[in-house]
Amino acid sequence: MTRFGLYLVFAACGGGGGFPDAGPGDGAGPTGTFSVSWTVNDQNNLPLSCDRIAAQAMTVLTHNFAFEGGATQVFTCATGMGMSQGLEPGRYEMDFELSGTFGSLARAAKQAPVDIKPSANVELMPVAFQVEALGGLALKLATGKAGGNCGAANQGGAGIDEVSITLSHNSDGSCEPITLVISDGATQTGGSYTINCTTPVVRGCIEADQTLTATGVESDSYTIRIRGLITGKQCWLNMDTIQVPPLNKVLIRTLNLAQQTQTPGC
């Protein structure tokens, strides 16, 4: 268990929190508070929004030197600042962690000693986190047909003969022109696919046993649109929201295509 995990024995929420103070000496007299602000930068020291890396919480571990253990003050990452709930007056050390959907993302330099005084607020030094905002993809496409994506419809397949793919940032709608590497399948040959959202590239069918991979993709929330074509008609459709993780973690996902039954010829 990490030091952060051990400190959860005594837990309290800060400006973004939701559960009450707990810790040694509570109720003995006037408490004090601290205020803190933080920034998040990417691997190039450029500002990074919490949404891009699915960061949710900025947690401060507070350890009063007069007691064993410690308490946590939890703030919402996107606020960028906050004030703690009441703490027992004393001399503290403060540790900082950024976390979210993909677990712990970064730690920041400890601050000590910090004097918490009764009925007073102390402003901590600004906290800076750095997160590598790059990740990977490992995607599969599935129609759920027993005969596969590419098998003929009269043999239980989806009948797809061509596929197009686009990928756009949900934050601003811009295209992410990455190149996907497509593995070989049992019946279909692999290759590569470079995304072009303005004029989507059309390539041969991609079977359910083939994997589409990419590395070094910008961490963010995306909309991926996949079209399965039959003789030029968009017959199988998908539009999923995906989150590319930070820290070079890989998103593994099967994207399910649904048949567009209203199109003649599908």
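This is a predicted model: local features need pLDDT of at least 70, side-chain atom pairs count only at pLDDT 80 or more; totals for chains, interfaces and linings use all residues.
1. A polar contact here is a pair of N or O atoms within 3.5 Å; within protein, one must be able to donate a hydrogen and the other to accept it.

2. Let's start with Glu-207, in the loop that runs between β14 (203-204) and β15 (212-218). The side chain of Glu-207 reaches the backbone nitrogen of Cys-150 at 3.1 Å. Glu-207 is buried yet has no salt bridge. Lys-140 is the nearest side chain of opposite charge, and it is 10 Å away.

3. What surrounds Glu-207? Setting aside neighbours within four places in sequence, the residues in contact with Glu-207 are Leu-141, Gly-148, Asn-149, Cys-150, Gly-151, Thr-187 and Gln-188.

4. Next, please look at the peptide bond between Ala-112 and Pro-113: it is cis, with omega at about -10 degrees. Pro-113 is placed in strand β7 (residues 103-116). For context, most peptide bonds are trans.

5. Two backbone phi values also deserve a glance. Most residues other than glycine have a negative phi. Ser-119, however, has a positive phi, near 55 degrees, and sits in the loop between β7 and β8 (121-123). Ser-119 is exposed, at a relative accessible area of 63%.

6. Thr-231 has a positive phi too, near 45 degrees. Its loop lies between β16 (220-230) and β17 (233-244). Thr-231 counts as exposed because its relative accessibility is 59%, and the cut-off for exposed is over 50%.

Technical notes. Residues are numbered from 1 along each chain as its sequence is written. Side-chain values use heavy atoms; hydrogens and water are left out. Helices (H or I, at least four residues) and strands (E, at least two) are DSSP runs, numbered from the N terminus. Buried means under 20% relative accessible area, exposed over 50%, partly exposed in between (1.4 Å probe, protein chains only). Lys and Arg count as positive and Asp and Glu as negative; His and the chain ends are not counted. A salt bridge is a side-chain nitrogen of Lys or Arg within 4 Å of a carboxyl oxygen of Asp or Glu. Contact means heavy atoms within 4.5 Å.
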